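Hi everyone, thanks for coming. Let me walk you through a structure that may be new to you, so please have a look at it first.

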Amino acid sequence: MEFSQLNYFRTVARTGNISQAARELFVTQPNLSRSIARLEGELGVPLFEHRKGKVVLNEYGRIFLSGVENAFGELNACIQTVQRLYENNQNILSLGCSIDGFLPDILQPFSRAHPEIGIRQYQGDASRLAQQLVERTLTLAVTPYPLNHNLLTFRLLGEMDYGLFVHRDHPLAKETVVELKALACQPLICDASRLDAKTLRSICRARGFEPTLAYEVESTSLVYRLLEQKAGVAVMPVSQMLRLRALFPDSPILVIPLEEGVPPASLGVSYHKGYPLTDAANAFIQFATDWLVQEKVRMAAVGITSKA
């Protein structure tokens, strides 16, 4: 009895359709049917009933599936244990991030502070990062909000005020503080990796207006280019002005503090609640927490403030 036969059996049992299972497994339908037939032959009992083009587990199939699922569960737990031990022993940090541009900013100083820690870096959206954390192919995921999965937990690292990013020729550029309701008729550029459209709409609706979302992107650099082209205004963490000045020293983009009462931008890490954090993960969490505090110091040093 081969491992692939058991995997084929599970897939057919789940889909109830030989053709669909064959597509998912990237095998031909005849080969899949022969594999299931060989499995039934080795067991000496039928596992499925055929009903109007569907295959349904019979009593024997249901019992056998329960044992197969237990075996796969044990195997997966063993794999996760081995991977976790390897990460602990080898001091490797598998780190994902949904925020465009954040990891390149922080990983260089982190590696200088912890040269003994190796980094595996991943960039992806929230749903993909959640899946990787559950599968234990990631240790930590840096996100602006908790990931939606009951096996994951979230630890807040720090917060930063949002600011309004505008072109220096924009009428609002002369203001010292901008009330959110002043954006009621403005085309907004949404950096979904930092402030998703749903959250932005909720913030604006709380101020009594429906925002006009002109662009929704997941690239901070693209947001900057759209601002330079006077395509709209953007609400982003004030700290992004540091990165803007580093990337585009001659950029005409300005940041203006927003009114009091706008919820701050948060930054945290998500991880699997069923496993203890590695030493490498704890080192990164502490470093990132301290780094965000220093971010505010760096902002003040170059004259960037959160509030007027």
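Let me begin with a term: a residue is called buried under 20% relative accessible area, exposed over 50%, and partly exposed in between, using a 1.4 Å probe and protein chains only. What you see is a predicted model, where local features need pLDDT of at least 70 and side-chain atom pairs count only at pLDDT 80 or more, while totals for chains, interfaces and linings use all residues. Residues are numbered from 1 along each chain as its sequence is written, and side-chain values use heavy atoms, with hydrogens and water left out.

Now to the charged pairs. In general, side chains of opposite charge can pair when their charged atoms come close. Here a salt bridge is a side-chain nitrogen of Lys or Arg within 4 Å of a carboxyl oxygen of Asp or Glu. How many salt bridges does the structure hold? There are 12.

One of them joins Arg194 and Asp191, at 3.8 Å from N to O. Arg194 counts as buried because its relative accessibility is 11%, and Asp191 is buried with 2%.

Another group is a network of salt bridges that links Arg201, Arg205 and Glu210. Glu210 meets Arg205 at 2.8 Å and Arg201 at 4.0 Å, N to O in each case.

Let's move to the strands. Helices (H or I, at least four residues) and strands (E, at least two) are DSSP runs, numbered from the N terminus. Two strands pair if DSSP finds at least two bridges between them.

Five strands make an open sheet with mixed pairing, in the order E4-E3-E5-E12-E6. Which strands stand at the edges? Strand E4 (118-123) and strand E6 (152-160) do; each has a single partner strand, so one side of each is left without a neighbour in the sheet. On average, neighbouring strands are turned by 25° against each other, direction ignored.

Inside that sheet, strand E3 (residues 92-97) and strand E5 (residues 140-143) run parallel and are joined by three bridges. You can find Gly96 opposite Ala141 in E5.

For the angles, axes are lines fitted to C-alpha atoms, for helices over the stretch in contact, and angles run from 0 to 180 degrees between N-to-C directions. Helix H5 (residues 102-113) touches E3, E4, E5 and strand E12 (265-272), and its direction makes about 175° with that of E4. Helix H10 (residues 279-301) touches E3, E5, E6 and E12, with its direction at about 20° to that of E6.

Finally, a hairpin. Strands E1 (residues 48-51) and E2 (residues 54-57) pair in the antiparallel sense over four bridges, and Glu49 stands opposite Val56 in E2. Two residues lie between E1 and E2, and Lys52 in the turn has a positive phi of about 50°.

Conventions: Contact means heavy atoms within 4.5 Å.
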